[in-house]
Amino acid sequence: MSVAERVIHIVAAVIRDAAGRSLLVRKHGAAVFQQPGGKRDPGDADELATLARELHEELGCELVRDSARLLCHCSAPAANEPDHVVEAAVYMVEVRGAIVAQAEIAELRWIDPAAPDVPVARLSREHILPLL
Ligand SMILES: Nc1nc2c([nH]c(=O)n2[C@@H]2O[C@H](COP(=O)(O)OP(=O)(O)OP(=O)(O)O)[C@@H](O)[C@H]2O)c(=O)[nH]1
């Protein structure tokens with residue numbers, strides 16, 4: 001496997017509630033929680049199209065596109081794929097509609113970014129939550 005094949009490019013979302021808690025998801029088969037989001041599909045026009053599609057697939061809600069603000073670009077060892085690195089564009093976003101875990105999601109959790117009470121993937125723990 002080449003170095004390029006070991007890099008997973010994703011677009012990820014920070015979604016917060018009125019109390020400042022942040023939403024994390026755990027996928028079926030995964031041990032740790034991570035940001036909602038995912039890999040870009042060839043059919044996605046841009047990063048926000050990827051995010052809108054992933055948020056709908058995972059949470060059943062709609063991205064409010066105008067609300068999106070780039071928070072950071074960051075990278076960490078991938079949570080679920082050994083020997084892979086995840087590189088993320090991370091956006092703070094607002095969503096419209098009810099947030100309901102869809103089929104691919106085992107669990108949703110609103111966490112305090114300063115004191116998560118669930119196991120959290122490194123990308124979130126080391127790079128994203130400290131910015132919130
Ligand atoms: N979405 C997301 N993926 C992350 C994060 N942190 C992290 O290490 N990853 C890694 O990046 C991979 C991205 O896969 P994904 O499962 O979210 O993406 P996807 O929905 O497009 O993939 P799929 O269609 O193959 O299921 C995860 O399996 C995980 O190993 C994160 O905060 N959010």
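What follows takes the model one region at a time.

This is a predicted model, in which local features need pLDDT of at least 70, side-chain atom pairs count only at pLDDT 80 or more, and totals for chains, interfaces and linings use all residues. Residues are numbered from 1 along each chain as its sequence is written. pLDDT is the predictor's confidence in each residue, from 0 to 100. The protein chain averages 97, and 100% of its residues score at least 70. The model's ipTM is 0.94 and its pTM is 0.95.

Helices (H or I, at least four residues) and strands (E, at least two) are DSSP runs, numbered from the N terminus.

Now turn to helix α1, residues 47-59. Its expected span is 1.5 Å times one less than its number of residues. For 13 residues that gives 18 Å, and the end C-alpha atoms are 18 Å apart, so the two agree. Which residues of α1 are buried? They are T50, L51, A52, E54, L55, E58 and L59. Buried means that 20 or more other C-beta atoms lie within 10 Å of the residue's own; exposed means 12 or fewer, and partly exposed lies in between, with C-beta atoms placed from the backbone. An α-helix has 3.6 residues a turn, so residues three or four places apart point the same way. The buried residues of α1 pack against β1, β2 (22-27), β3, β4 (62-77), β5 (85-96) and β6 (105-111). Just after the helix, G60 has a positive phi of about 75 degrees.

Next comes the largest nonpolar core, with 27 residues. Such a core is a set of buried Ala, Val, Leu, Ile, Met, Phe, Trp, Tyr and Cys residues joined through C-beta atoms within 7 Å. A13, L51, L55 and V93 have the most contacts inside it. β1, β2, α1, β5 and α2 each give two or more residues to this core. In soluble globular proteins, nonpolar side chains tend to be buried together.

Contacts can be followed from single residues. Two residues are in contact if their C-beta atoms, placed from the backbone, lie within 7 Å. Leaving aside neighbours within four places in sequence, V93 contacts A13, V14, I15, L51, L63, V64, S67 and A68. V95 sits in strand β5. It counts as buried because it has 21 C-beta neighbours inside 10 Å. Beyond four places in sequence, V95 contacts I15, L55, C61, E62, L63 and V64.

P36 lies in the loop between β2 and β3. Is P36 buried or exposed? With 24 C-beta neighbours inside 10 Å, P36 counts as buried. Not counting residues up to four places away, P36 touches A12, A13, I15, L23, V25, E54, L55, E58 and L59. A12, in strand β1, is buried too, with 25 other C-beta atoms within 10 Å. With the same exclusion, A12 touches Q35, P36, G37, A88 and V90.

Finish at D83, in the loop between β4 and β5. D83 is exposed because it has 8 other C-beta atoms within 10 Å. Its phi is near 65 degrees, a positive value in a residue other than glycine.
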